[in-house]
Amino acid sequence: MSDSLGTGEQHAPAELLEIPAGARPPLSRTVSNTLRPGAHSEFLLQAKKNTILKSHGRPPWYDEDGHSVGDAFVIGIAGGSASGKTHVARRIVQSLGSIPTVVILSQDSFYRRHSPEDLELAFANRYDFDHPDAIDMPLFASCLADLKAGRQSNIPIYSFTEHQRLDETKYLYGASIIIVEGILALHDPALRKLYDLKIFVQCDSDLMLARRISRDTKERGRSVDGILEQYLRFVKPAYDNFVQPTSRFANIIVPGSDNTVAIELIATHVRRKIEDRSRYLRKSLARIGPRDLSPGDIKDQHFPNLTVLPQTRQLQGIFTILRDRTTTREDFIFFTDRLSTFLSEKALEYLPCAKKDVTTPVGATYAGKQLAVDHVCGVSILRSGGPLERGLRRVIQDIRMGSMLIQSEDKTGEPLLLHLMLPCCIRERHRAEKSFVFLLDAQIGTGAAAFMAIRVLLDHGVPQENIIFVTIIVAACGGVRVLQRAFPKVRITCGAIDPVLRESWALWDTLPSPEPADGDVRSPTAKTKAEAEAEGRKVWVVEPGMGHIGDRYYL
Amino acid sequence: MVVSNSPTSQSTPASLPPSVFTLPQTAQLEALFTIIRDKETSRGDFLFYSDRIIRLLVEEGLNHLPVIPKTVTTPTGATYEGVGFEGKICGVSILRAGEAMEAGLREVCRSVRIGKILIQRDEETAQAKLFYAKLPQDIAQRYVLLLDPMLATGGSAIKAVEVLKEHGVPEDRIIFINLIASPEGLKNFCGKYPLTRVITGWIDQCLNEKAYIIPGLGDFGERRYCV
């Protein structure tokens, strides 16, 4: 990574003048970027602000009891306008190497909503954007506090073309490192309390002015006179009165140029802090997962919030078809849909109802009930949660469906959150607190993905008792014990409890296939032993189980 | 593995004949009925929510069919001792309202054969009279799910069973499925055919002088197809 680092900065004076490309990028973004290791280094030099950046998935951030361990690591970077704060922020991100999740939060997002008078001034370039009063500090601090504590935050979007805060907001969640940059980042005491590391970028005034002229003439088509007038009227006084004095709060002062060494020092410090934390986590998480693998029976356990469907003849018949390796894909899909519809009906019984009187067409009054919930949504854990979606839709036609992609990391087997898309009602905390969520996954084996998914919902403010986990099979001896201990109020509805959970190669069909009647009876999940061993991946298998439900439903 | 071998999750209220089964009377089910009973409910909602109840009814009705032990091998190579479905089935809907239950039936039983019976009141005799019947040829070898959403006086259902019996279907192989039943209708029907099982969603208070179920939901076919 140092090869792409060192070139450029040290020598040529012309380059000192250059503000790194996109220093003030447009503020509204909707995509977060998943970066492949190796390809991320260059990319991060242009790291977008207000976007969660990640080089791989997000590893667990909670201990075996489901509690979040420690807050995000927050770095505040202040310094004069055009001193190179963003550049420093990006270089730190870049030199962190393989990072979990980082967000660069810009002070610019937090300009206040302007009154009509202020707006007029702003368009006439007579509004003082450099004064602390221009920034909505309380909102800034509360957003940062939320992110630091691992909660979601919906940060405002400020439009420089409209000189106004927009109505929409930008949803952020799940950063383990937060870098806050802005000229007044160290000004507000409430903000300062939230930083774990405070940096001030020190740059000569004339260099900053030179960069500013260069940038504003090139990128914003301004005249030099205008820039100078604004500089003398607002920028310079604000720097002297509000920005420069905050350098005394900094833990470290970084030069605005020739700062490679300083950045490397900072990155090393941050890396060490992060590593300490993940080492502690690994130790704690090693204890999660199946420890007692003796075949279990649900009757031995006390799971007050685990409901198994009544084992009727039809249900047993459906399970016999689904478990049978010779079942065709067509039948598998049909009976999975039928079962998931029935499971969803049962899960809906957990929703609270209130009294409601109606009049029937014959004129009689009926004292009935109606659902008494503010928001209901589904979230499926991909890919295996997908087969349960159709059933849920048959029961709540227009239900909002979110998704999470959680995969295990090949070497350690620890779960990684790769993708997260949540319905609007969960993104906003005050609505999440009143939302009921049906969390869908085909089975609970080790429970690692379920554990992470529940943690994500809790982070967003969804109450435990409002989470209803809908699943086809629960392994009696698996992670369901850990789940119920960590989240005793989460309710689980399942179709069957299977006794065995064991580790095996990612290989299903070890027995000779039954007589192929039309060449297509072989289970679609079948793999040869060689294929599985070449993949070198061990998986946890529920038995008797249904094989890999996602594969059988989709492939 | 827990298998409580209850054939069904339904219950029979103590005051009713033993051949009558209702769905579990949950708050959720009550909320569904509240929607379809409400005269302000739009047709779209009526369709969607009545389909949900019908699906539950069909699921429960099917639990009364026999199963036989069956052992299968799972994709991981484990053995599972389950059950296989036994016996052929068909649906028979009593026109016109009974047709509304066919979609729900086919969602649970793909491509099931469906016979149709039209029974109307003969205005001269005030008796239920068969106008039309089109049934699968081998119906005598099948279990029959008889579909009619409302059991009011029981007149047409009794006539329908009579027709089925004439076609060789034994009484105990007929499962009559309806959403709402009146106590009077249940008494009449079960008095006549004690061996036919009746699966109902909800048992209402009574019939009024025009033989409408109270509180009921009005004319099911009318609301499903016309309003």
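I began with a charged pair: B:E107 and A:R394 join their side chains in a salt bridge, at 3.7 Å from N to O. A note to myself before going on: this is a predicted model.

Next I looked up a second pair, and found A:E345 in a salt bridge with B:R52, where the closest N and O atoms are 2.9 Å apart. This one runs between chains, with B:R52 sitting in helix α2 (residues 43–62) of chain B and A:E345 in helix α12 (residues 329–348) of chain A.

How many salt bridges are there between chain A and chain B? I noted six. Over all chains, the structure holds 34 salt bridges.

**The interface as a whole**

I then stepped back to the two chains. On the chain A side 66 residues are in contact, and they face 60 residues of chain B. Chain A and chain B bury about 5,200 Å² between them, and 60% of that lies on carbon and sulfur atoms.

**α12(A) against α2(B)**

I went back to the two helices that hold the A:E345 and B:R52 pair. The crossing of α12(A) past α2(B) is left-handed.

Which residues meet here? From α12(A) I listed A:R338, A:T341, A:F342, A:E345 and A:L348, and from α2(B) I listed B:R52, B:R55, B:L56, B:E59, B:E60 and B:L62. Sorted by class, this contact has six charged, four nonpolar and one polar residue.

**α8(A) against α9(A)**

My last entry stays inside chain A. Helix α8 (residues 205–220) and helix α9 (residues 224–243) of chain A pack with axes 11 Å apart, at an angle of about 140°. That angle therefore makes α8(A) and α9(A) oblique to each other. Here I noted a right-handed crossing of α8(A) past α9(A).

The α8(A) side of the contact includes A:M208, A:L209, A:R212 and A:I213, and the α9(A) side includes A:I227, A:L228, A:Y231 and A:K236. The residues of this contact divide into nine nonpolar, three polar and three charged.

Technical notes
Residues are numbered from 1 along each chain as its sequence is written. Chains are lettered from A and ligands numbered from 1 in the order in which they are written. This is a predicted model: local features need pLDDT of at least 70, side-chain atom pairs count only at pLDDT 80 or more; totals for chains, interfaces and linings use all residues. Side-chain values use heavy atoms; hydrogens and water are left out. Axes are lines fitted to C-alpha atoms, for helices over the stretch in contact, and angles run from 0 to 180 degrees between N-to-C directions. Helices (H or I, at least four residues) and strands (E, at least two) are DSSP runs, numbered from the N terminus. Angles under 35 degrees count as roughly parallel, over 145 as roughly antiparallel, 65 to 115 as roughly perpendicular and the rest as oblique. A crossing is left-handed if the near helix is turned anticlockwise from the far one by less than a right angle, and right-handed if clockwise. Contact means heavy atoms within 4.5 Å. Ala, Val, Leu, Ile, Met, Phe, Trp, Tyr, Cys and Pro count as nonpolar, Asp, Glu, Lys and Arg as charged, and the others, Gly among them, as polar. Buried area is the accessible area (1.4 Å probe) that two parts lose on being put together, summed over both. A salt bridge is a side-chain nitrogen of Lys or Arg within 4 Å of a carboxyl oxygen of Asp or Glu.
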